[in-house]
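Good morning. Please bring the structure up on your screens and keep the sequence beside it. I will walk through it part by part.

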Amino acid sequence: MPSTKPTPAEPARLPDSARPHLTTGLRLTFDEVRARHVLLGPESVLVLNPTGAAILRLCDGRRDIGELIAELQAQFAGVEPGEVRAFLDHLAAKRCVEAAHDRHDS
């Protein structure tokens with residue numbers, strides 16, 4: 001029977017109900033020296049392009065992936081849902097983004 005575990009070539013995909021947010025200890029900020037947005041970690045810096053920064057600004061744990069994509073499409077022309085998902089899946093695989101799931105809080 002074939003394995004259903006993700007392989008390195010096929011990273012785990014965030015479910016549609018995921019509400020992505022930055023992993024604890026990481027923060028999105030603007031680096032004046034580089035004149036670019038960066039994702040800062042305890043021992044890492046990930047330099048972002050403007051599109052990546054726009055996606056991560058919306059990753060606040062409140063919007064699910066569909067809502068996040070819809071908001072990006074309202075702000076920018078030519079947003080490809082598959083590319084947004086791939087970016088988020090890549091950052092989730094690197095443990096830069098975590099996903100909260102729908103919960104029914106009182």
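I start with a term: a polar contact is a pair of N or O atoms within 3.5 Å; within protein, one of them must be able to donate a hydrogen and the other to accept it, and residues adjacent in sequence count only if both atoms are side-chain atoms. What we have here is a predicted model, where local features need pLDDT of at least 70 and side-chain atom pairs count only at pLDDT 80 or more, while totals for chains, interfaces and linings use all residues. Residues are numbered from 1 along each chain as its sequence is written, and side-chain values use heavy atoms, with hydrogens and water left out.

The side chain of Asp31 reaches the backbone nitrogen of Val33 at 2.8 Å. Asp31 sits in strand β2, residues 27-31. Is Asp31 buried or exposed? Its relative accessibility is 16%, so Asp31 counts as buried. The scale is this: buried means under 20% relative accessible area, exposed over 50%, and partly exposed in between, with a 1.4 Å probe and protein chains only. Asp31 also touches Arg36 and Val38, leaving out residues up to four places away in sequence. Touching, or contact, means heavy atoms within 4.5 Å.

Which of its residues are buried? Ile65, Leu68, Ile69 and Leu72 are. They cover an arc of only 95° around the axis, so they are on the same side of α2. The arc is that of the directions from the helix axis to the C-beta atoms. The cover over these buried residues includes β1 (19-22), α1 and α3.

In soluble globular proteins, nonpolar side chains tend to be buried together. A nonpolar core here is a set of buried Ala, Val, Leu, Ile, Met, Phe, Trp, Tyr and Cys residues joined through side-chain atoms within 4.5 Å. The largest one has 22 residues, and those with the most contacts inside it are Leu39, Ile55, Leu56, Leu68, Leu72, Val84 and Leu88. Two or more residues of this core come from each of α1, α2 and α3 (81-93). Take Leu39: setting aside neighbours within four places in sequence, its contacts include Leu22, Leu26, Val45, Leu56 and Cys96.

Now the cysteines. Cys59 is buried at 6% relative accessibility, and Cys96 is buried at 14%. A disulfide is a covalent bond between the sulfur atoms of two cysteines. With the cut-off for a disulfide set at cysteine sulfur atoms within 2.5 Å, a search of the whole structure finds 0.

Next, charged pairs. How many salt bridges does the structure hold? There are 6, where a salt bridge is a side-chain nitrogen of Lys or Arg within 4 Å of a carboxyl oxygen of Asp or Glu.

One of them joins the side chains of Arg85 and Asp16, at 2.2 Å from N to O. This pair links distant parts of the chain, with Arg85 in helix α3 and Asp16 in the segment before β1, 69 residues apart. Arg85 is buried at 9% relative accessible area, whereas Asp16 is exposed at 56%.

Another joins Arg19 and Glu67, at 3.4 Å from N to O. Arg19 is in strand β1 and Glu67 in helix α2, so the pair ties together parts that are 48 residues apart in sequence. Arg19 is buried at 16%, and Glu67 is partly exposed at 39%.

Asp60 and Arg62 also meet in a salt bridge, at 2.7 Å from N to O. Asp60 is partly exposed at 28%, and Arg62 is exposed at 61%. Both belong to a network of salt bridges that links Asp60, Arg62, Arg63 and Glu71.

Last, Gly61. Gly61 is in the loop between α1 (50-57) and α2 (65-75), and is buried, with a relative accessible area of 16%. Not counting residues up to four places away in sequence, Gly61 touches Arg19, Pro20 and His21.

How values were computed: Helix = DSSP H or I, 4+ residues; strand = E, 2+ residues; numbered from the N terminus.
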